[in-house]
Amino acid sequence: MEFAGALRQAVQESGFTLERIRHRLAQRGLTVSVASLSYWQRGRSRPRSRTVVVALEEILRVPAGSLTDLLDDPVPGAAPPRGTTGFALASAVPSDRASAAGTELWPDPQRYARVVGQLDRSGDHRLERLSVHDLYRFGPDRRPLGLTVREVLRATGDDIDRVVRVHPMDGARSEPSGLRYCRSGRVRAEGGLVGFELIFDRVLSAGDTVVIEYELNSPSGDCERRFPRPVRDYLAIVQFHAETLPARCYGYTRAGERSPSRRLGELWIGASGSAHLALGDVRRGIVGIEWEWD
């Protein structure tokens, strides 16, 4: 369903007038005219702010992602040269709530659902990702040493105190370490997958930002990031050991776990023994870095 049709159906089922919806948006500090709401549901224009659409999902009581995911443009953008400029990752628009939850991004959707089902994700859909930075480190034996993650998030609603993160693992130690600006909540692991809650230093209100940072000591060897929701800025750095540098390194994207990869171009391996991929306006899908040793 297109965005206009989905919004029109949600408004009709809610029983709210457009004026009432406008008023509830205003209570959240979001200024939207009745005319704009009318244009949106008739397909004459589309919202420019994802924050407003997230608020509409809450006001109209529809599943998280059922409107915001329909804003994503499925037309591929141009691949950036050498992975150093912005790129809008294209992906198929999800057709049901399971897709909106991001299960199609994982090799075993049922396992993913079991892990995250034991964690509190009530605030995840009300957090906007402003930036995500991943640093992967590899040792002289070509095996992964660890992953350091830093994220900047902004609340689009009130009373949010945590976020859930899920990663593939390759080792017995699954809990996050090196936490900064947050503390660990519940941790659940199953079959090479770990999910955990990160509790913020304070409870967020709409518009508040928060930084979280954590490390994983047994990440999988795949340098991939799965994006069930958009992020404005993504940076992935792979730090190789000086004695074992790959011959070539590439960035790639996939719309889902079973979708074919599309290379973004070769990445430069600098004198520091690292390669990086910097993208802007990443939507749903998978972004990663791969390489050839010989």
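Reader: What share of the 294 residues of the protein chain counts as buried?

Author: The share is 48%, where buried means under 20% relative accessible area, exposed over 50% and partly exposed in between, with a 1.4 Å probe and protein chains only. The model is predicted, so local features need pLDDT of at least 70 and side-chain atom pairs count only at pLDDT 80 or more, while totals for chains, interfaces and linings use all residues. Residues are numbered from 1 along each chain as its sequence is written, and side-chain values use heavy atoms, leaving out hydrogens and water.

Reader: Where is the confidence lowest, and where is it highest?

Author: On the pLDDT scale, the predictor's confidence in each residue from 0 to 100, the protein chain averages 85, and 88% of the residues score at least 70. Helix α5 (residues 97-100) has the lowest mean, 39, and strand β7 (residues 209-216) the highest, 96. Helices (H or I, at least four residues) and strands (E, at least two) are DSSP runs, numbered from the N terminus; the protein chain has six helices and 13 strands.

Reader: How do you know that the length of helix α1 agrees with expectation?

Author: The expected span is 1.5 Å times one less than the number of residues. Helix α1 (residues 3-14) has 12 residues and should therefore span 16 Å, and its end C-alpha atoms are 16 Å apart, so the two agree. Just after α1, glycine 15 takes a positive phi of about 80 degrees.

Reader: Which elements cover the buried residues of α1?

Author: The cover includes α2 (18-27), α3 and α4 (50-60). The buried residues of α1 include Phe3, Leu7 and Val11.

Reader: What makes glutamine 41 buried or exposed?

Author: Its relative accessible area is 14%, so glutamine 41 is buried. Glutamine 41 belongs to helix α3 (residues 34-42). Contact means heavy atoms within 4.5 Å, and glutamine 41 touches Ala4, Leu7, Arg8, Val11 and Leu18, not counting residues up to four places away in sequence.

Reader: Which residues touch the most other members of the largest nonpolar core?

Author: A nonpolar core is a set of buried Ala, Val, Leu, Ile, Met, Phe, Trp, Tyr and Cys residues joined through side-chain atoms within 4.5 Å. In the largest, with 39 residues, they are Leu127, Phe200, Tyr234, Val238, Cys249, Ile289 and Trp291. Strand β6 (residues 193-204) gives the most to this core, namely five residues. A second, separate core of 22 residues includes Val11, Phe16, Trp40 and Leu67.

Reader: Why is the pair of tryptophan 106 and tyrosine 112 called stacked?

Author: Rings of Phe, Tyr and Trp (its six-membered ring) pair if their centres lie within 6.5 Å; planes under 30 degrees apart count as stacked, over 60 as edge-to-face and the rest as tilted. The whole structure has eight aromatic pairs. In this one the centres are 5.2 Å apart and the planes stand at 15 degrees, so the pair is stacked. Both tryptophan 106 and tyrosine 112 are buried.

Reader: What places arginine 226 over the face of tryptophan 106?

Author: A charge sits over a ring if NZ of Lys or CZ of Arg is within 6 Å of the ring centre and within 35 degrees of the ring normal. Arginine 226 lies over the face of tryptophan 106, at 4.5 Å from the ring centre. The charged end of arginine 263 likewise sits over the ring of tyrosine 250, 3.6 Å from its centre.
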